[in-house]
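Please report on the structure shown here.

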Amino acid sequence: LNNNKIDGLVPVWIWNNSKETLHAVDLSYNSITGFHQHPQLLPWSRLQVFLIKNNQLQGKLPIPPQTTVVYVASDNNLTGEIPPLICEMKSLLLLDLSSNNMSGTLPPCFGDLINSLLVLDLSRNNFHGIMMNVFMYGSQLKYIDFNKNQFTGELPRSLTNCTNLEFL
């Protein structure tokens, strides 16, 4: 459903649609502002790809199921912190939350998630605090973008463990 003129709230019936079979949802490039009966956890048990970039999505970050591999919610108006529930997404390879109004510090469990990712883009938000020193040897990260936030302190020494890094 990407690149349409869908606006307003995603209807409640979508939560019951193909709960056990749906693998990908792409609602990008519309004018969606949120979800009726906003769930904290999206209900599709086999979802692997959730794309909702370039909308007008407001409120807190919706959390896809643990099976999600690609999650892109960039270029919206999302606010609040990254919820610790996101750390349960052990299969996640790409996380892009760039160009929102999110804030706060990164959750302590984020280190577990970071080391399974290939791409992490948190740019153009209002995250703050010290960058975590959690990059483990063998990290698969190829792309990290933290630009235009409010992180402080020194670069984490553990970045040297990211031997596949192509963009920092």
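## Disulfide

The torsion about the S-S bond of cysteine 87 and cysteine 109 is about 75°, so this disulfide is right-handed. The S to S distance is 2.0 Å. A disulfide here is a pair of cysteine sulfur atoms within 2.5 Å. The structure holds one. The bond links distant parts of the chain, 22 residues apart. Cysteine 87 sits in the loop between strand S7 (77–80) and strand S8 (94–96). Cysteine 109 sits in the loop between strand S9 (101–104) and H1. Helices (H or I, at least four residues) and strands (E, at least two) are DSSP runs, numbered from the N terminus.

Cysteine 109, at 22%, counts as partly exposed. Buried means under 20% relative accessible area, exposed over 50%, and partly exposed in between (1.4 Å probe, protein chains only). Cysteine 162 is in no disulfide. Its nearest cysteine sulfur, that of cysteine 87, is 17 Å away. Cysteine 162 is buried too, because its relative accessibility is 6%.

## Basis of the model

This is a predicted model: local features need pLDDT of at least 70, side-chain atom pairs count only at pLDDT 80 or more, and totals for chains, interfaces and linings use all residues. Residues are numbered from 1 along each chain as its sequence is written, and side-chain values use heavy atoms, with hydrogens and water left out.

## Nonpolar core

In soluble globular proteins, nonpolar side chains tend to be buried together. A nonpolar core is defined as a set of buried Ala, Val, Leu, Ile, Met, Phe, Trp, Tyr and Cys residues joined through side-chain atoms within 4.5 Å. The largest one has 42 residues. Ile86, Leu95 and Phe110 touch the most other members. Strand S3 (31–35) and helix H1 (110–114) each supply at least two residues of this core. H1 gives the largest share, three residues.

Isoleucine 86 touches Leu61, Ile63, Tyr71, Leu95, Phe110 and Leu113. That list does not count residues up to four places away in sequence. Contact means heavy atoms within 4.5 Å.

## Aromatic pairs

The structure holds three aromatic pairs. In one, the rings of phenylalanine 50 and tyrosine 71 have centres 5.7 Å apart and planes at 40°, so the pair is tilted. Rings of Phe, Tyr and Trp (its six-membered ring) pair if their centres lie within 6.5 Å; planes under 30 degrees apart count as stacked, over 60 as edge-to-face and the rest as tilted. This pair links distant parts of the chain. Phenylalanine 50 lies in strand S4 (residues 49–51) and tyrosine 71 in strand S6 (residues 70–72), 21 residues apart. Phenylalanine 50 is buried, at 0% relative accessible area. Tyrosine 71 is buried, at 0% relative accessibility.

Another pair joins phenylalanine 146 and phenylalanine 151. Their ring centres are 5.2 Å apart and their planes at 40°, so this pair is tilted. Phenylalanine 146 is buried at 14% relative accessibility. Phenylalanine 151 is buried at 18%.

## Sheet

Five strands form an open sheet in the order S5-S7-S9-S11-S13, with parallel pairing. Two strands pair if DSSP finds at least two bridges between them. Strand S5 (58–59) and strand S13 (150–152) stand at the edges. Each has a single partner strand, so one side of each is left without a neighbour in the sheet.

S7 and S9 run parallel and are joined by two bridges. Glycine 80 has methionine 102 in S9 as its bridge partner.
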